[in-house]
Amino acid sequence: MDIISEILETDRLAEEKLEQAMQKRSEMLENCTAKAEEIRSSARAQAEEYRKSKLGADNAADISSELKAGEQAQLKALAESYDKNHEAWENDIVAAITG
């Protein structure tokens, strides 16, 4: 009976650790989404500030498109980093919790 109890307890602990890992994964996804939105907001604010301070209406569209391209490049790099590393991050979290 003790072995069965130990197996059940081990299973329960494993389920708890898995749940913790899933919660951590959700937090990481939320942080990634928040960071992407922060980058977007920052890029918009910088573009608007630069347009107002340095350029007239003639060049504003050109510079705005350049800044949007830069924003897209940053977001793409962030997404690529997440796509490349998220499985390793998840595995590290699970290993840290279960190890």
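The lining of the largest pocket in this predicted model has five charged, four nonpolar and one polar residue. Two elements, H1 and helix H2 (57-98), each give two or more residues to the lining of the largest pocket. The space in the largest pocket comes to about 160 Å³. Rolling a probe the size of a water molecule over the atoms shows where empty space is left.

Helix H1 covers residues 2-54, which makes 53 residues. At 1.5 Å a residue, H1 should span 78 Å, and because its end C-alpha atoms are 76 Å apart, the model agrees with that expectation.

The next topic is the aromatic rings. How many aromatic pairs does a search of the whole structure find? The search finds one. The pair is formed by Tyr-82 and Trp-89, with 6.3 Å from centre to centre and 55° between the planes, and it is tilted. A pair of aromatic rings is described by the distance of the centres and the angle of the planes.

Are the two partners buried or partly exposed? Tyr-82 counts as buried because its relative accessibility is 16%, under the cut-off of 20%. Trp-89 has a relative accessibility of 32% and therefore counts as partly exposed.

Methods: Residues numbered from 1 in each chain as written. Predicted model: local features only at pLDDT ≥ 70, side-chain atom pairs only at ≥ 80, totals over all residues. Heavy atoms only, no water. Helix = DSSP H or I, 4+ residues; strand = E, 2+ residues; numbered from the N terminus. Expected span 1.5 Å × (residues − 1). Phe/Tyr/Trp six-rings, centres within 6.5 Å; stacked < 30°, edge-to-face > 60°. Buried < 20%, exposed > 50% of the residue type's maximum accessible area, 1.4 Å probe, protein only. 1 Å grid on protein atoms, 1.4 Å probe; cavity = no way out; pocket = protein on both sides within 12 Å on 5 of 7 lines; lining within 4 Å. Points joined across faces, edges and corners; volume = space filled by probe spheres on them. Nonpolar A, V, L, I, M, F, W, Y, C, P; charged D, E, K, R; others polar.
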